[in-house]
Amino acid sequence: VKGKIPNGLSGVFLRNGPNPYFEPLGRYHWFDGDGMVHGVRLKENKAYYANRWINTARLKQEKAYGRPVFAKIGELTGKIGLLTLLSQQFKKVF
């Protein structure tokens with residue numbers, strides 16, 4: 001990175017967004033990622049970066065299994081996607 005942070009510029013920029021914890025099994029859609037918060041802090045002409053996963057109930061379950069276990073948007077295309085959606089709904093009923 002070239003350049004420098006202007007004098008007097010200080011503050012924090014936070015962004016949350018999708019980042020997949022596990023490598024996607026099939027097609028990937030950017031909505032499929034697990035939640036992650038990114039932060040950049042500007043202080044005394046320096047920048048500091050940190051990020052953290054949002055430990056949702058779904059992510060906790062997938063971590064326990066050690067792999068993705070929930071259907072993802074990228075996988076829900078065509079006839080297979082429709083069958084996957086229907087099977088998920090069927091599981092809720094029974």
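Student: How many aromatic pairs does a search of the whole structure find?
Tutor: The model is predicted: local features need pLDDT of at least 70, side-chain atom pairs count only at pLDDT 80 or more, and totals for chains, interfaces and linings use all residues. Residues are numbered from 1 along each chain as its sequence is written, and side-chain values use heavy atoms, with hydrogens and water left out. Rings of Phe, Tyr and Trp (its six-membered ring) pair if their centres lie within 6.5 Å; planes under 30 degrees apart count as stacked, over 60 as edge-to-face and the rest as tilted. Across the whole structure, the number of aromatic pairs is three.

Student: What geometry do the rings of Tyr21 and Trp53 have?
Tutor: Their centres are 5.1 Å apart. Their planes stand at 70°, so the pair is edge-to-face.

Student: How many residues apart are Tyr21 and Trp53?
Tutor: Helices (H or I, at least four residues) and strands (E, at least two) are DSSP runs, numbered from the N terminus. Tyr21 is in the loop between strand 1 and strand 2, and Trp53 is in strand 3. The pair thus links distant parts of the chain, and the separation in residues is 32.

Student: Is Trp53 buried, partly exposed or exposed?
Tutor: Buried means under 20% relative accessible area, exposed over 50%, partly exposed in between (1.4 Å probe, protein chains only). Tyr21, at 35%, is partly exposed. Trp53 has a relative accessible area of 32%, so Trp53 is partly exposed.

Student: In what order do the three strands form the open sheet?
Tutor: Two strands pair if DSSP finds at least two bridges between them. Strand 1 (residues 11–19) and strand 2 (residues 34–43) are joined by nine bridges, while eight join strand 2 to strand 3 (residues 46–53). The pairing is antiparallel, and the order is 1-2-3.

Student: Which strands stand at the edges?
Tutor: Each edge strand has a single partner strand, so one side of each is left without a neighbour in the sheet. These are strand 1 and strand 3.

Student: By how much are neighbouring strands of this sheet turned against each other on average?
Tutor: Axes are lines fitted to C-alpha atoms, for helices over the stretch in contact, and angles run from 0 to 180 degrees between N-to-C directions. With direction ignored, the average turn is 15°.

Student: Which residue in the turn of the hairpin has a positive phi?
Tutor: Lys43 is bridged to Lys46 in strand 3, and Arg41 to Tyr48. Two residues lie between strand 2 and strand 3 in this hairpin. The one with a phi of about 50° is Glu44.

Student: What is the volume of the largest cavity?
Tutor: On a 1 Å grid over the protein atoms alone, a cavity is a set of points where a 1.4 Å probe fits but cannot get out, and a pocket is an open set with protein on both sides within 12 Å along at least five of seven lines; lining residues have an atom within 4 Å of a point. Grid points are joined across faces, edges and corners, and a volume is the space filled by probe spheres set on the points. One cavity of 30 Å³ or more is found in the whole structure. Its volume is about 120 Å³.

Student: Which element supplies the largest share of the lining of the largest pocket?
Tutor: The largest pocket holds about 210 Å³ of space. Of its 15 lining residues, those closest to the centre include Phe31, Asp32 and Arg58. Strand 2 and helix 1 (57–65) each supply at least two. The largest share, three residues, comes from helix 1.

Student: At what distance from the ring centre of Phe70 does Arg58 lie?
Tutor: A charge sits over a ring if NZ of Lys or CZ of Arg is within 6 Å of the ring centre and within 35 degrees of the ring normal. Arg58 lies over the face of Phe70, and the distance is 4.2 Å.

Student: How far apart in space are Gln88 and Phe70, C-alpha to C-alpha?
Tutor: Gln88 is in helix 2 (residues 78–93). Gln88 and Phe70 are 18 residues apart in sequence, and their C-alpha distance is 9.2 Å.
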